[in-house]
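These are my notes from a first look through one structure. I wrote them down in the order I looked things up.

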Amino acid sequence: MNLKVYILALSTVAVGLVELIVGGILPTIADEFGVSLSSAGQLITVFALIYAIAGPVLLVATSRFERKKVYLISLLIFFFGNIMTYFSPDFTWMMIARVLTAASTALIIVLSLTIAAKIVEPRFRAKAIGFIFMGVSSSLVLGVPLGILISDVFGWRFIFLGIAVLSLGSMALIARYIQPIPGGTAVPLKQQIKAVASAKIGSAHLATMFMLAGHYTVYAYFTPFLETQLNLNPFWISVFYLIFGVAAVSGGAIGGAMSDSIGSKRSILIVISAFAFSLFLLPFTTFSVILFVPVMIVWAALSWALAPPQQSYLIETDPSTSDIQQSFNNSALQIGIALGSGVGGFTLAQTGSVTSTAWVGGIIVLGALSFAVFSLTRPGVVKNEAEIKS
């Protein structure tokens, strides 16, 4: 693999850490700023919403500018956002810092994907893009246990100082090893939106969104879940998050192997159905760690197993807009994270019980299954006359 792709992947790990690392330290942040746990959870919700909107918008807005320069400026803004978080005097200040880091993270990850595709030979393009996504998923799922461990030893603010230092390292590597890449003419945002307007493709993106929404309805509040239901201390909570993270990262390989062996369509249905079942089963296993851990591992692995077959399905459905679909599916994922963490906070505030998040999450995933079935049963995308003739 091209060394430059590894550098881009490392950058996505560095910036990806900032999104969900607060999930494991929500109680600590809530206590320090004097806000409720559900209010602190909005740090995840707002980040994901800004991320989902900023990605395609900023990509279009900066399309004419040299890509390496845009990348470095984005990393600089990301650095200052984390420094702001480190010095945050109150919750409002921290929320503003989250907006800055969310917007810059969105552009950095999209640029990583597009640059990786341009600097490798065409036959290695899919592998390079997949490697970038592995960096993103690794940072998302492993950031929480890392955050808990660091927070327990040095305090939660030190986490963001460390991420800021990592971003400086990324800037140095990008400046040294990535060549300047001229800007170009991006696909207009209006045309991008039109590409996902069909019932078949649009409902596929909705399936991704609701799948992640159901997942994060529970996962965003997994720390209080483990504290109250299994009576775990911070050390064991971090261990459980680490187990969860390793299983979740492996989920991408599981989903890819399944898609290759039985096809993307069957894989999508199996993954979403099994995922819903694991969430409904979760509350029944909390009386025994021996029962809870295997169910948690299945839940974790399935949480990221949908991406490979879903991406394959979108490419098979409409190859001509595969790049656009990749961007929007990533946005759908982020909207799902925002929706799920918001719904989870509302559920927790209304019921006062973290186990209720699993029930609600399972119901939401059934909605994802409905959208998947709807998409799979729609006729294929009809090409326009020019495309047919070509």
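**Entry 1: the whole chain**

I first noted that this is a predicted model. I then asked how many helices and strands the protein chain has. I found 18 helices and 0 strands. I looked up burial next, and buried residues make up 54% of the 390 residues in the protein chain. Last, I checked how far apart in sequence the contacting residues are. Taking contacts between residues at least 6 apart in sequence, I found that 85% join residues at least 24 apart.

**Entry 2**

I started the helix pairs with a reminder to myself. Two packed helices are described by the angle between their axes and the distance between the axes.

I looked up helix 1, residues 3-20, against helix 8, residues 156-177. Their axes come within 9 Å, and the crossing is at roughly 160 degrees. Angles over 145 degrees count as roughly antiparallel, so I put down helix 1 and helix 8 as roughly antiparallel to each other. I noted the crossing of these two helices as left-handed.

Which residues of helix 1 and helix 8 meet? On the helix 1 side I listed Leu3, Lys4, Ile7, Leu8, Leu10, Ser11, Ala14, Leu17 and Val18. On the helix 8 side I listed Phe160, Ile163, Leu166, Ser170, Leu173, Ile174 and Tyr177. Sorted by class, the contact of helix 1 with helix 8 holds 13 nonpolar, 2 polar and 1 charged residues.

**Entry 3: helix 5 and helix 8**

I stayed with helix 8 and looked up helix 5, residues 67-86. The axes of helix 5 and helix 8 come within 8 Å and cross at roughly 165 degrees. That makes this pair roughly antiparallel. The crossing of helix 5 with helix 8 is left-handed. I wrote down 18 nonpolar, 4 polar and 2 charged residues for the contact of helix 5 with helix 8.

**Entry 4: the salt bridge**

Side chains of opposite charge can pair when their charged atoms come close. I searched the whole structure for salt bridges and got 1. Glu32 forms a salt bridge with Arg157, and the closest N and O atoms are 2.7 Å apart. I placed Glu32 in helix 2, residues 26-33, and Arg157 in helix 8, so the pair ties together parts that are 125 residues apart in sequence. I also looked up the accessibility of Glu32: at 41% relative accessibility, Glu32 counts as partly exposed.

**Entry 5: helix 13 and helix 15**

I turned to helix 13, residues 264-281, and helix 15, residues 307-317. Their axes come within 9 Å and cross at roughly 140 degrees. The crossing of helix 13 with helix 15 is left-handed.

From helix 13 I listed Ser264, Lys265, Ser267 and Ile268, which meet Pro309, Gln310, Ser312, Tyr313 and Glu316 in helix 15. The residues of this contact divide into 3 nonpolar, 4 polar and 2 charged.

**Entry 6: Leu49 and Ala103**

I placed Leu49 in helix 4, residues 42-61, and Ala103 in helix 6, residues 91-119. How far apart are Leu49 and Ala103 in sequence and in space? They are 54 residues apart in sequence and 9.6 Å apart in space, C-alpha to C-alpha. For Ala103 and Ala52 I noted 51 residues in sequence and 8.7 Å in space, again C-alpha to C-alpha. Leaving aside neighbours within four places in sequence, I found Ala103 in contact with Ile50, Ala54 and Leu58. Leu49 counts as partly exposed, at 39% relative accessibility.

**Entry 7: Ala247**

Is Ala247 buried or exposed? I found Ala247 buried, with a relative accessible area of 9%. Ala247 lies in helix 12. Leaving aside neighbours within four places in sequence, Ala247 is in contact with Ile297, Ala300 and Ala301. From Ala247 to Ala301 I noted 54 residues in sequence and 4.8 Å in space, C-alpha to C-alpha.

**Entry 8: Asn231**

I closed with a loop residue. Asn231 sits in the loop between helix 11 (222-229) and helix 12 (234-262). Its phi is near 55 degrees, a positive value in a residue other than glycine.

Definitions and conventions: Residues are numbered from 1 along each chain as its sequence is written. This is a predicted model: local features need pLDDT of at least 70, side-chain atom pairs count only at pLDDT 80 or more; totals for chains, interfaces and linings use all residues. Side-chain values use heavy atoms; hydrogens and water are left out. Axes are lines fitted to C-alpha atoms, for helices over the stretch in contact, and angles run from 0 to 180 degrees between N-to-C directions. Helices (H or I, at least four residues) and strands (E, at least two) are DSSP runs, numbered from the N terminus. Angles under 35 degrees count as roughly parallel, over 145 as roughly antiparallel, 65 to 115 as roughly perpendicular and the rest as oblique. A crossing is left-handed if the near helix is turned anticlockwise from the far one by less than a right angle, and right-handed if clockwise. Contact means heavy atoms within 4.5 Å. Ala, Val, Leu, Ile, Met, Phe, Trp, Tyr, Cys and Pro count as nonpolar, Asp, Glu, Lys and Arg as charged, and the others, Gly among them, as polar. A salt bridge is a side-chain nitrogen of Lys or Arg within 4 Å of a carboxyl oxygen of Asp or Glu. Buried means under 20% relative accessible area, exposed over 50%, partly exposed in between (1.4 Å probe, protein chains only).
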